[in-house]
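The following note sets out, in numbered points, what a colleague may wish to examine in this model. It begins with backbone geometry and then turns to the aromatic side chains.

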Amino acid sequence: MARGSAVAWAALGPLLWGCALGLQGGMLYPQESPSRECKELDGLWSFRADFSDNRRRGFEEQWYRRPLWESGPTVDMPVPSSFNDISQDWRLRHFVGWVWYEREVILPERWTQDLRTRVVLRIGSAHSYAIVGW
């Protein structure tokens, strides 16, 4: 059994090592090409944490139906970042609950002219449970 395991590792080792090296370089991230356009959404986003007692005020008042600033005070939050570490607001330091991000972007003209154009939103870093709308 030990010999079989050694043979399997000898065969799979270089393959797994090659995959690890490929992932390290971001092989699976979208890359610009003649047929693929990428638009980075990094930068400052409007941000608001739901500090209500039940942490559901944003859903109950439907903050997603209008600009976020209309629902109450927002702050500029850099993305990507951890809101727990960026803000000087002590309530955010150990906050657990729903937070809301919003940003307006200008789409490339080609994306909006051809209705058959497939647009994929790739979230590079989010909590294990997130809701995305547009």
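1. The model under review is predicted. In it, Gln62 is partly exposed, at a relative accessible area of 32%. This residue belongs to the loop between α2 and β2. Its backbone deserves a look: phi of Gln62 is positive, at about 55°, although the residue is not a glycine.

2. A second residue other than glycine with a positive phi is Arg55, where the angle is near 60°. Arg55 is found in the loop between β1 (43-49) and α2. Its relative accessibility is 27%, so Arg55 counts as partly exposed.

3. Which peptide bond is cis? The bond from Val79 to Pro80 is, with omega near 5°. Pro80 is placed in the loop between β2 and α3 (83-86).

4. Turning to the side chains, the model holds 9 aromatic pairs. One of them joins Phe59 and Trp100: the ring centres lie 5.2 Å apart and the planes meet at 55°, so this pair is tilted.

5. Are the two partners buried or exposed? Trp100 has a relative accessible area of 13% and is buried. Phe59, at 21%, is partly exposed. The cut-off matters for this reading, because buried means under 20% relative accessible area.

6. Trp100 also forms an aromatic pair with Tyr64, and this one is stacked, with 6.4 Å from centre to centre and 15° between the planes. The distance should be read against the pairing limit, as centres must lie within 6.5 Å. Tyr64 sits in the loop between α2 and β2 (75-79) and Trp100 in strand β3, so the pair links distant parts of the chain, 36 residues apart. With a relative accessibility of 48%, Tyr64 counts as partly exposed.

7. A separate point concerns the aromatic cluster. Which residues form it? Trp45, Phe47, Phe51, Phe83, Phe95 and Tyr101 make up one aromatic cluster. Phe51, a member of this cluster, also has a charged group over its ring: the charged end of Arg91 is 3.9 Å from the ring centre.

Conventions. Residues are numbered from 1 along each chain as its sequence is written. This is a predicted model: local features need pLDDT of at least 70, side-chain atom pairs count only at pLDDT 80 or more; totals for chains, interfaces and linings use all residues. Side-chain values use heavy atoms; hydrogens and water are left out. Rings of Phe, Tyr and Trp (its six-membered ring) pair if their centres lie within 6.5 Å; planes under 30 degrees apart count as stacked, over 60 as edge-to-face and the rest as tilted. Buried means under 20% relative accessible area, exposed over 50%, partly exposed in between (1.4 Å probe, protein chains only). Helices (H or I, at least four residues) and strands (E, at least two) are DSSP runs, numbered from the N terminus. A charge sits over a ring if NZ of Lys or CZ of Arg is within 6 Å of the ring centre and within 35 degrees of the ring normal.
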